[in-house]
Amino acid sequence: MAAPMRRVCGFALRRSSMPMDWSFPRHENLPLRNTPVFWKEPTFRTFFSDKRKLHTAAVGRIFRLRPFHFLVATGGGYAGYRKYENYKVEQLEKMGLEVPAKLAREWEVALYKSVPTRLLSRAWGRLNQVELPTWLRKPVYSLYIWTFGVNMKEAAVEDLHHYRNLSEFFRRKLKPQARPVCCLHSVISPSDGKILNFGQVKNCEVEQVKGVTYSLESFLGPQISPEDLQFSQTSSCNSFQNQLVTKEGNELYHCVIYLAPGDYHCFHSPTDWRVSHRRHFPGSLMSVNPGVARWIKELFCHNERVVLTGDWKHGFFSLTAVGATNVGSIRIYFDQDLHTNSPRYSKGSYNDFSFITNNNKEGIPMRKGEHLGEFNLGSTIVLIFEAPKDFKFHLKPGQKIRFGEALGSL
């Protein structure tokens, strides 16, 4: 006789005297023989409840890490994009094509300035002063030489074990014959580097790279009194540019030299002149490589810099050392009171120091080629000076130049 049928939840179940083979686990204390089985919702709810808790915990951990991952991915991607854009521009320029400048937006500049580059540069400076073990010096310096193409054959001391730390290596001196000073031209290059721009100053605007300018007054700051500079004003024009020109028929000229990390990091006097005044601008320490200079308008006005002003035989003359990322330390050899990238100075301010005293009416005389100062890593030198209208530069934009070579002459 067939086993009776029983309908449960719409399914026909046949009662059988034989044990059934269930595919799901059996509970030891709950016999399943001859017992109708119902799917109990709490079983699955408990299982999914536990799973939901585990899943929620994993999501929580991911969520806590997600902002960091997002910032790293976004920042790294954006930096890579900017690097690629700069690379494309450099390739087009090598082909002789002119590329219009693509300036950063205000929020991009603000975001960049929010990075604690001053603090990082101070940390980098302390790291540079840590003495390396003798066995580690050659591998570390060799990696740096290979990365940035440093020519150690020009160094006064070629033995890498001689340099106790990175700071000494960065500030290495050259052999006397490595950089002969040109005597035929009135203005020489104060340092090794790359020529970013040069020419006449027009409408109180100076080009940091082609097509990207900055304000002359913002860069140099308010005019210094004629008594301090030891020259008189002959122009009644209110223009800041005209106030700097002291002799009739003269023009104002500029030249921007970028020092790469592999370049010789000391800078010298570009001509015979007298330094009358120093103005120190605490500021940001953004990168000053050509790609960033093409991207951020008035980059040199944002960054920390030391402006040396005075006069030469043709009138006004100035040399400005511009700081950059990891270049918080700018040293002027004859100025022991100068302390750059110091926490005691706030951005947006400046401090002045006059080298003209009752006992010294002429300031600090500098001879062409004389040691003037140094960076702790590559940066930028900006020359702004007065000269007759027939002054000519012997340069090409983008060319490499070495200390002692001619910039221009009359």
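Predicted model: local features only at pLDDT ≥ 70, side-chain atom pairs only at ≥ 80, totals over all residues.
Local features need pLDDT of at least 70 and side-chain atom pairs count only at pLDDT 80 or more, while totals for chains, interfaces and linings use all residues. Residues are numbered from 1 along each chain as its sequence is written, and side-chain values use heavy atoms, with hydrogens and water left out.

**View 1. An open, antiparallel sheet of three strands, in the order S8-S15-S12.** Strands are DSSP runs (E, at least two residues) numbered from the N terminus, and two of them pair if DSSP finds at least two bridges between them. Strand S8 (266-268) and strand S12 (330-332) form the edges, each pairing on one side only. Between S12 and strand S15 (residues 371-375) there are three bridges in the antiparallel sense, and Ile330 has Phe375 of S15 as its bridge partner.

**View 2. The salt bridge between Arg179 and Glu154.** A salt bridge is a side-chain nitrogen of Lys or Arg within 4 Å of a carboxyl oxygen of Asp or Glu; here the closest N and O atoms are 3.0 Å apart. Arg179 is buried at a relative accessible area of 8%, as is Glu154 at 16% (buried is under 20%, exposed over 50%, partly exposed in between; 1.4 Å probe, protein chains only). Both residues belong to a salt-bridge network that also includes Asp192, Arg402 and Glu405.

**View 3. The salt bridge between Glu374 and Lys173, with closest N and O atoms 3.9 Å apart.** The pair links distant parts of the chain, 201 residues apart, with Glu374 in strand S15. Glu374 is buried, at 5% relative accessible area, whereas Lys173 counts as partly exposed at 36%.

Key: Helix = DSSP H or I, 4+ residues; strand = E, 2+ residues; numbered from the N terminus.
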